[in-house]
Each structure stands twice: as structure tokens, then as C-alpha cells.
Number of protein chains: 2
Amino acid sequence: MIYHYKTVAAMKSIRYVIHPSELLIHWQGHRARTRRVIEAFPQEALYNHCIGSLRPFSEMVQDLVTISTLAVHTIVPATRTNRPHMIALNHTKARLLSLWDETTLLINENWDELSLERFHETIPFWSLNECKVYEAIFYLIDTEVHHRGQAFVYLESLGITAPDF
Amino acid sequence: MIYHYKTVAAMKSIRYVIHPSELLIHWQGHRARTRRVIEAFPQEALYNHCIGSLRPFSEMVQDLVTISTLAVHTIVPATRTNRPHMIALNHTKARLLSLWDETTLLINENWDELSLERFHETIPFWSLNECKVYEAIFYLIDTEVHHRGQAFVYLESLGITAPDF
């Protein structure tokens, strides 16, 4: 089969620059760093320390787990796991870390189900109401980095040095 | 000119999913939100308030301006402006905001100079030593979101409600 040069030019003109595997590595890199920040908290402070009207870091992490799980199920309808979207509140650091690790697996196991086209399809999503799939992934990464920045200040206010990335 | 199907298949197999204009909109969306957070600080607190060993938010912003400017000059060697990489410390919120706006313009004015290939070329960059161009851009976005998360806690500790995104 042969293609006219205009077809090829049209393909080239798409000019996308981030590969799905690069996006996954970027995201999981952040998730590994956030895991180290969860670990740096003493159990008591993880569940009770907060500043102003902000929530304890455990609640932020619980949210991250919930919306990441929801996102995977929305983006990949035929997910390979049957994990519920809403996860019951938990009360130990060990359980929070294992939820984190399950989510890491859930993302990795379903990533290859994403077609190129899927990244630009519109989905209903969380507080954004609706957005494109790649925007949902950016939102998840950014929300995580935002809360981790807050966790750094919590640790500092407790006299604990945050992990060095 | 015609192409063999294998050439086209190879092109298709690249499977990039983020377009340069999408990345720019994503970045500048964050920069607009960060500008609102700078504005939310009283001048005195912007330059003096900190928690633990962390720096005042003005110093974090100054760093973001410096590394963004450095990045644009490194990524686009023929930048259309001759702004110095290192920017002298400043001492007013108004000056900090105008530096922010100059950086916004610098990024926009040079974005179209970036070729598709450039995003995957390796450059020397800041504390990463060297990285690919798209990784440098992700780093800039993430560092900004990280510091903005810290700024949210600073505002809360001052009894100021952070802007609603």
C-alpha cells in the first residue's frame, strides 16, 4: 500500500511531542516521590497535623487515591481490576501506603489499554466536569504535586526535613 | 512523492499524544494561577513570611522567573529578546509581578521557534544537569505547582484564603 505525500504531510502536521510512555514515567516518578513524603510523616501527624483551614496530609492522599482510581476506571472502561471508585477512609499509615501501591499497579496495568486517540477524547471528570483524557492526567499530576508542596510545609513546621528529591 | 506503507507505519508508531500548543496552554494556565497567588500576598508577608527552614514565597517566585528565563534561552538559542538569565533581586510585589509578566511574554514569543524534534533533544539544565527539552518544561511546571502549594499553606497560616482556581 502506498500513500500520497499529502496524506503523509497531514500525519506529520499533527506534531505531538509527548509519548504515552514518557507521560507514564513522568507520572509514576512523581508518585514514587510522593510515597517517600507519606513515609516521612509520623503516623499521628499524618492524620492530625494541619495549618489554617487545610486538611491533614492523609486526607489529601486519600483524595489522590480516590480520583486516580476514578480516572483509571473512566479512561479505561474495561479496567482489568474491579476496585471500587470510592475507597473507605483508613486510619493507619501502613494502610495508606498499601492503597498508594495498589493505585500504582492499577495505573501501570491499564496504561497499555489507552489508544493514541483516547488521549484527546472528552470524558466526564471530577471537579472539572468534563475534560480531555490528557487534561485529566495532567490534573492528577498537578494535584499531587500541589498537595506534596503543602506536605513539605507541614513537615517543616513539625521540624522534620522533607525527603531530598 | 509517495511513501511505502512501512514508512507510514513507522511514523504512526511514534504515537505522541500531547501537542506543543496544548503544553503551552497548560503551562501558561498554571502561570496565570500562580500570578493570582502572588497577588494574594501582602507585600510584607511575600518577602518575610516563612515556615521552618523554607524561604519566603518571593524568593521561590524569583527562582521560577530565573529558571524559566534560563530555560527559554537554552531551549531556543536564537531568542527574540536579550533578557539576562540571572535577574537581580527585587524588593516590591509590583516589580515581582512585572517580572512574571515579562517571563510570560518571553515564553509566548519564543514557543513557535520550537520544532517537533527539539522537544526530544538533550540540553544542559539547572539542577537536573541535563535532560530532554520536554522534561525541562515538565520540571518548570512541577516546580511552580510545588511552590504554589507551599504558598497556599503560607497564606492559610496568615489567615488569608488562597485564590479559588
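User: Which residues in H6(B) meet those of H6(A)?
Analyst: This is a predicted model, in which local features need pLDDT of at least 70, side-chain atom pairs count only at pLDDT 80 or more, and totals for chains, interfaces and linings use all residues. Residues are numbered from 1 along each chain as its sequence is written, while chains are lettered from A and ligands numbered from 1 in the order in which they are written. Contact requires C-beta atoms, placed from the backbone, within 7 Å, and helices are DSSP runs (H or I, at least four residues) numbered from the N terminus. The residues in H6(B) are Asp142(B), Val145(B), His146(B), His147(B), Arg148(B), Gly149(B), Gln150(B), Phe152(B) and Val153(B).

User: How many residues of the contact of H6(A) with H6(B) are polar?
Analyst: Ala, Val, Leu, Ile, Met, Phe, Trp, Tyr, Cys and Pro count as nonpolar, Asp, Glu, Lys and Arg as charged, and the others, Gly among them, as polar. Besides 6 nonpolar and 4 charged residues, the contact of H6(A) with H6(B) has polar residues numbering 8.

User: Is H6(A) roughly parallel or oblique to H6(B)?
Analyst: Axes are lines fitted to C-alpha atoms, for helices over the stretch in contact, and angles run from 0 to 180 degrees between N-to-C directions. Angles under 35 degrees count as roughly parallel, over 145 as roughly antiparallel, 65 to 115 as roughly perpendicular and the rest as oblique. The two helices, residues 133-157 of each chain, pack at about 50 degrees with axes 7 Å apart. H6(A) is therefore, relative to H6(B), oblique.

Terms used. Contact = placed C-beta atoms within 7 Å.
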